[in-house]
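Visitor: I would like to go through this model by asking what stands behind each label.
Guide: Then let us set each value beside its cut-off and draw the conclusion from there.

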Amino acid sequence: MKYDFTTLQKRIGIGSHKWDAMKRLNPEVSDDAVPFTTADMEFVNAPEIREAVANYALNNIVGYTAATDAYYESLKKWMKKQHDLDFEKENVIIYPGVVPALYKAVETFTSEGDGVIIMPPVYGPFFGAIRANGRKLSKCPLINNNEYYTVDFELFEKLCKEEENKIFILCNPHNPVGRVWNKEELEKMAKICMDNGVLLISDEIHFDIIMPGYKITSMGTFDFCRDNLILCTAPSKTFNLASMQTSNIIVWNKELYNALVKNKSLNCIESMNVLGFISCQAAYDYCEDWMYEMIETVDENIKYFRNFIKENLPMLTMPVTEGTYLGFVNFKALNMSQQELQSFLVKHEIFFVNGSDFGEEGTGYMRVNFACPHKCVVDLCDKLLSAIKEL
């Protein structure tokens, strides 16, 4: 490989959310422990990004900043090449993250008591955006058939027909179950939303990270639904840039665009992170090869883990990860409550995200982050086997 996917940089004490959280959960944790929790990577950033950020910081004033034309051109070229998306810079709203954009979109396009449809188990901030704004949670749980998840279209259409439900938030590819929704599924969801006047918000933050053999379709490629769509993208998952707080929200409908911009201004979200712009542009201009090598490494990690539990811990199961760098592991056969399961794993220095964080439908599961050097996954498997043998 051209790039470094073997170096592990330990991050305790430098402000890393996941590493410091690990230390809080187990203050006596050993030096070789690694958290597999929060969805950022344990890979060092691409050298092209590090060089671009360092050069800018060394040679420029870090003052109030707006995106340049060159930034928008890089964004457009990347999205066209990777996802066949067409848009202009006038369709882009830059936010300090997809999650803040989700919160503001729910606030902007619903009123108190309105319903928002989501498909749990699903990314926790979807719940947060609904509850924080005083909206009604309208659940359309995914159907789990032997760890293969599909959409309950009968229930989904029923919910979309209910007048109080104003928004559907989609996760594509799906976090945590790893489904890459196929074109037919997505088209059906979009048409149901269009037919019933339900605004479609598609969180596609992981849509660059697709495992070999699978193909992503962006909701933004369907011309018929663009006027009813808010598309959420960011370089943060693909290139490990979460702290740069830069996301690109694409909105084709001018009325929706203006309403979201107005709400953003009311909350004084104006000048953005200059190093976020620099890192995003460098990633999209120079780091495509890094992305493909990262995906190859993640795919190897996931396959190793799946084969290991199949051969050594068959009581554990996990859906095939089609997209994202995450796995959703079923621990129900251990007959533990979620709290008991977490305590058991933490005791053995194994750190995952509780499945219940993704809704009650995730109870008994743990989400595992496989974006790390391969040796970390090998060590994890050994720890997991040793821990479960003690039961």
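**Salt bridges, burial and packing**

Visitor: What makes the contact between arginine 11 and glutamate 42 a salt bridge?
Guide: In this predicted model, the side chains of arginine 11 and glutamate 42 come together with N and O 2.9 Å apart, and since a salt bridge asks for a side-chain nitrogen of Lys or Arg within 4 Å of a carboxyl oxygen of Asp or Glu, the pair qualifies. Arginine 11 sits in the segment before α1 and glutamate 42 in the loop between α1 and α2, so the bridge ties together parts that are 31 residues apart in sequence.

Visitor: Which residue in helix α1 is tied to glutamate 42, and how far apart in sequence are the two parts?
Guide: The residue is lysine 18, which lies in helix α1, while glutamate 42 belongs to the loop between α1 and α2, so this pair joins parts 24 residues apart in sequence. The closest N and O atoms of lysine 18 and glutamate 42 are 2.9 Å apart, and a network of salt bridges links Arg11, Lys18, Asp40 and Glu42. The structure holds 23 salt bridges.

Visitor: Why are lysine 18 and glutamate 42 called buried?
Guide: Buried means under 20% relative accessible area; lysine 18 has 2% and is therefore buried, and glutamate 42, with 5%, is therefore buried as well. Arginine 11 is likewise buried.

Visitor: How do you know that lysine 161 and glutamate 157 form a salt bridge?
Guide: Their closest N and O atoms are 4.0 Å apart, and the cut-off is within 4 Å, so the pair is counted as a salt bridge. Both residues lie in helix α6, four residues apart, which is about one turn of the helix.

Visitor: Why do lysine 161 and glutamate 157 carry the labels they do for accessibility?
Guide: Exposed means over 50% and partly exposed lies between that and the 20% limit for buried; lysine 161, at 54%, therefore counts as exposed, whereas glutamate 157, at 34%, is therefore partly exposed.

Visitor: What describes the packing of helix α2 and helix α10?
Guide: Two packed helices are described by the angle between their axes and the distance between the axes. For α2 (residues 47-59) and α10 (residues 274-286), the angle is about 145° and the axes are 9 Å apart, and the crossing is right-handed. Among the residues that meet are Ile49, Val53 and Tyr56 from α2, and Leu275, Ile278 and Tyr286 from α10. The residues of this contact divide into 10 nonpolar, one polar and one charged.

Visitor: What makes Phe156 stand out in the largest nonpolar core?
Guide: Of the 141 residues in that core, Phe156 and Met189 touch the most other members, while helix α11 (residues 288-312) supplies the largest share, nine residues. Leaving aside residues up to four places away in sequence, phenylalanine 156 touches Ile117, Met119, Cys140, Phe168, Met189, Ile192 and Cys193.

Visitor: Why is isoleucine 250 called buried, and what is its relative accessibility?
Guide: Its value is 0%, and the limit for buried is under 20%, so isoleucine 250 counts as buried. Isoleucine 250 is part of strand β9 (residues 247-251), and, with residues up to four places away in sequence not counted, touches Phe87, Asn91, Leu229, Ile230, Leu231 and Thr233. Between isoleucine 250 and proline 27 there are 223 residues of separation in sequence and 43 Å in space, C-alpha to C-alpha.

Note on methods: Residues numbered from 1 in each chain as written. Predicted model: local features only at pLDDT ≥ 70, side-chain atom pairs only at ≥ 80, totals over all residues. Heavy atoms only, no water. Axes fitted to C-alpha atoms, helices over the stretch in contact; angles between N-to-C directions. Left-handed = near helix turned anticlockwise from the far one by under 90°. Contact = heavy atoms within 4.5 Å. Nonpolar A, V, L, I, M, F, W, Y, C, P; charged D, E, K, R; others polar. Buried < 20%, exposed > 50% of the residue type's maximum accessible area, 1.4 Å probe, protein only. Core = buried A, V, L, I, M, F, W, Y, C linked by side-chain atoms within 4.5 Å.
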